[in-house]
Amino acid sequence: MDSAPHVQLKEVGPKLVPFFKAVLVYFVVLPSTEAEGPSWIGVLVKVLPVLSLVLFVLLQEGIIGLSLGDECWFSRRVLLALALSALADALLVWPSLFLSGMAVFGAAHLLYINAFGFTPLRPVLGLGLYALSAWAMTFLVPGLKGPMTLGVPLYTVVLVTMLWRAVAHRQPRRPRWVSLCPSIGGLLFAVSDALIGFHMFHNPIPHSQVLIMATYYAAQLGMALSVVGSSVPGDGAEAKALEDESPDLTATSIPQH
């Protein structure tokens with residue numbers, strides 16, 4: 001759009017330096033943390049990248065704006081979702097807390113869903129994603145036992161709903177690269193959780209932890225970048241107006257993060 005704010009990657013890049021450093025530290029330390037088993041050092045190293053994204057959102061939007069500004073409602077939800085994700089990451093360090101971690105990740109996805117909204121609806125997209133996830137679940141169900149029999153399918157429904165709304169979400173008045181961030185983040189989140197699901201409940205995947213965490217951190221980066229330009233005055237009103245005028249109805253698991 002002609003009125004889109006001129007936001008360049010170079011303007012947000014310096015605020016992401018702590019995130020990239022934290023990710024690098026995680027992958028350097030990963031072999032030793034895996035060998036030693038669950039530890040508080042492992043927790044710290046694992047959650048630092050997502051906490052760095054919480055810091056990014058705070059720097060991008062400002063603490064006062066996030067606390068008081070009505071225009072920051074979207075960013076507040078993304079911030080809370082990132083914070084809950086960090087908590088879930090910590091819980092999942094201990095295998096005995098897997099269900100608790102999955103539940104907290106589900107709550108984070110609900111916040112993302114609330115942020116992205118349901119306009120435009122794009123039901124064909126949603127039906128396609130639910131059908132694809134139902135097919136994928138047929139491979140996992142035989143490996144589910146006890147509480148996982150219910151917990152994994154329920155989490156999958158929430159995850160796929162988040163993916164649907166992330167891809168369908170529209171962001172007027174923002175640079176195109178920002179508009180693509182929720183879609184990329186949602187897709188990578190689904191890939192990461194699918195890797196977890198197949199690794200745990202179907203067949204072990206070589207180098208699974210590296211693949212899972214690389215896609216997961218990239219997914220959360222996409223979610224965090226979706227706040228860029230979100231607090232521009234009038235953005236929310238224009239988005240709603242555009243959605244009301246032209247709704248698009250034609251467009252075609254499981255964390256151990």
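## A helical chain, piece by piece

The protein chain exposes about 12,000 Å², and carbon and sulfur atoms supply 72% of that area (accessible areas come from the Shrake-Rupley method with a 1.4 Å probe, and for residues only the protein chains shown count as cover). This is a predicted model, where local features need pLDDT of at least 70, side-chain atom pairs count only at pLDDT 80 or more, and totals for chains, interfaces and linings use all residues. Residues are numbered from 1 along each chain as its sequence is written, and side-chain values use heavy atoms, with hydrogens and water left out.

**The overall build**

- You'll find 11 helices and zero strands in the protein chain (both are DSSP runs numbered from the N terminus: H or I with at least four residues for helices, E with at least two for strands).
- Going along the sequence, the pattern reads α-α-α-α-α-α-α-α-α-α-α.
- The protein chain has 257 residues, and 49% of them count as buried (buried means under 20% relative accessible area, exposed means over 50%, and partly exposed is in between, with a 1.4 Å probe and protein chains only).

**Helix H5**

- Helix H5 covers residues 73–91, which makes 19 residues.
- From its first C-alpha to its last, H5 reaches 27 Å, close to the 27 Å expected at 1.5 Å a residue (the expected span is 1.5 Å times one less than the number of residues).
- Several H5 residues are buried, among them Phe74, Val78, Leu82 and Asp89.

- Arg165 sits in helix H8 (residues 148–168).
- Arg165 counts as buried because its relative accessible area is 0%.
- The side chain of Arg165 reaches the backbone oxygen of Gly117 at 2.7 Å, and a polar contact is a pair of N or O atoms within 3.5 Å; within protein, one must be able to donate a hydrogen and the other to accept it, and residues adjacent in sequence count only if both atoms are side-chain atoms.
- Leaving out residues up to four places away in sequence, Arg165 touches Ile113, Phe116, Gly117, Phe118, Thr119, Pro120 and Leu121 (contact means heavy atoms within 4.5 Å).
- Pro120, one of those partners, is in the loop between helix H6 (98–116) and helix H7 (123–140).
- The peptide bond from Thr119 to Pro120 is cis, with omega near 0°.

**Two residues with positive phi**

- Arg122 is also in the loop between H6 and H7, and it has a positive phi of about 50° although it is not a glycine.
- With a relative accessible area of 16%, Arg122 is buried.
- His207, in the loop between helix H9 (176–201) and helix H10 (208–225), has a phi near 55°, a positive value in a residue other than glycine.
- His207 is exposed, as its relative accessible area is 65%.

**On the surface**

- Leu44, Leu48 and Leu51 form a nonpolar patch on the surface, with about 240 Å² of accessible area together.
- Patches use residues with over 30% relative accessible area and no salt bridge, joining like charges within 9 Å and nonpolar side chains (Val, Leu, Ile, Met, Phe, Trp, Tyr) within 5 Å; a salt bridge is a side-chain nitrogen of Lys or Arg within 4 Å of a carboxyl oxygen of Asp or Glu.
- Leu51 belongs to helix H3 (residues 40–61) and is partly exposed, at a relative accessible area of 39%.
- Val25, in helix H2 (residues 17–36), is partly exposed too, at 41%.
- Val25 and Lys46 are 21 residues apart in sequence and 9.1 Å apart in space, C-alpha to C-alpha.
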